[in-house]
Amino acid sequence: MSNASSFFLTTPIFYVNDAPHIGHAYTEVAADVLARWHRQAGDDTWFLTGTDEHGQKILRTATANGVEPKEWADRLVESAWKPLLDTINISNDDFIRTTDKRHEEGVARFLQKLYDDGHVYAGEFEALYCVGCEEFKPKSEIVDGEGAFEGEKVCAIHSKPLELLQEKNYFFKMSAFQDRLLALYEERPDFVQPASARNEVIAFVQQGLEDLSISRTSFDWGIPIPWDSSHVTYVWFDALLNYVTATGYGVDEAEFSRRWPATHIVGKDILRFHAVIWPAMLMAAGLEVPANVFAHGWLLVGGEKMSKSKLTGIAPNEITDTFGADAFRYYFMRAISFGHDGSFSWEDLDARYHAELANGFGNLASRTLAMTRKYFGGVVPEPGVEEDADIAIRELAARVATEADASIEKFMIHDALASVWQLVDELNGYITLQEPWVLAKDDAKRDRLARVLYTVNEGLRALAVLLSPVIPAATEKLWHALGAEEALGALVDQPLREAGNWGLIAPGTEQHPLAVLFPRIETDAASE
């Protein structure tokens, strides 16, 4: 079991049947912000992401493109999925592929244990299957087709016809864990979050669990069942195990003990796999269940979930090529309440970019450093007597740092950003009210001018630390310009939970020129 300061965070591993869209990038950024925050706060952080490369969907996609599935997976991982992490500045510690030897061996080890312990049996199965979901669909997600699919049963998520499959499979005795799962949800109300997701999971399990088919015989692209090579492992059973095969399960107990259990960030459409099937698997194996499962909402375009198959997918670089990675990260973390569905629009992105990043934060940094350079030669001044307005800023910095950290602990990234942005807005208002350009005209008020600019520079120092998990490139530039690198060390080494402490930048610190952090962008170019 991990220690109290351990924070092991995962994203889902993503199917490599196509290139990523901004829905995938949204999940990656949210997890990255949480990982960066905890890492900079001093927690023993490990951030895992990766790709899911087995199953019928990958096999069919590869076949349609005239290549073997492993070749297809290699191509997509190297040309699309790993580059995505660079495009949006993701700080993952590990990247696992389900075709990795470590994973395939770990899956076989886990399956063999469940089989040896009597949790698996052979049987026959017939059910409607969605290749897109890689799932035998429950009745609640089977609907009547319309239009071209009239008269057929279709998947409620993908709106595509379901396939009736009949096979001799191996089954996991998941039904035996129904009571233990319900007890878990009752004893640990925060196990599944947010509350709406928890309620959905409880209602699903209360309806009664069936045993889970965990093997397939109609195709061979998967991990062989260790005691019967004529079967391959059901892709979800295989995929879920990445969280333990990446952290030493069965081969490095010290590492596994250090990391496990994990916090899983998932889309709400795969909540059941992570909050029902996965903990039941772990219970059967005698392992600890995850620390948390947090289900975020969907990104909507035109009122529909982001989807390549429905032609609503937007590639991340379509945004980053114009606005940059920091703006991408900030927008999706600020504009959407994490845990709920949220709509994307180019107009909202453009408006927030200019109002909040360019005019709000960026302009605050530019004019503060410009005034420090103009009035004090680019050196942090010795501050004069602190007045009520200055005290209010100092107290606000301490308060927003505490509030933001509390929000991060609850996965409320949007609330954390809203708290921090109070300091951005108040510093801009403080400059307007204090009028340093007027103080500079009166030598008798030079001490007051020094105090005002010291206060704003200290505020920027706090903001650089608090915002570094969200906009790492811009805050790194600001940190250097403030002279904080020489005075305090690297930005990533600053204790994040102490960001609200005051007076850390010493008077006499030399500052450096700062390029515009968020340049203005022509609106028509941004919306093309």
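These legends walk through close-up views of a cavity and a pocket in a predicted model. Residues count from 1 along each chain as its sequence is written. Local features need pLDDT of at least 70, side-chain atom pairs count only at pLDDT 80 or more, and totals for chains, interfaces and linings use all residues, while side-chain values use heavy atoms, with hydrogens and water left out.

**View 1. The largest cavity holds about 50 Å³ of space.** A cavity here is a set of points, on a 1 Å grid over the protein atoms alone, where a 1.4 Å probe fits but cannot get out. Volume is the space filled by probe spheres set on the points, which are joined across faces, edges and corners. One cavity of 30 Å³ or more turns up by this rule.

**View 2. Val33, Trp37, Ile408, Ile413, Ala416, Leu417, Val420, Leu466 and Val470 line the largest cavity.** Lining residues have an atom within 4 Å of a point. Helices H1 (22-40) and H15 (413-434) each give two or more residues, and H15 has the largest share, with four. Helices are DSSP runs of H or I, at least four residues, and strands are runs of E, at least two, numbered from the N terminus. The lining has nine nonpolar residues, no polar and no charged.

**View 3. The second largest pocket has a volume of about 690 Å³.** A pocket is an open set with protein on both sides within 12 Å along at least five of seven lines. Of its 24 lining residues, Phe136, Lys137, Pro138, Phe204 and Glu210 sit nearest the centre. Helix H10 (271-285) is among the elements that supply at least two, and H10 gives the most, four.

Methods
Ala, Val, Leu, Ile, Met, Phe, Trp, Tyr, Cys and Pro count as nonpolar, Asp, Glu, Lys and Arg as charged, and the others, Gly among them, as polar.
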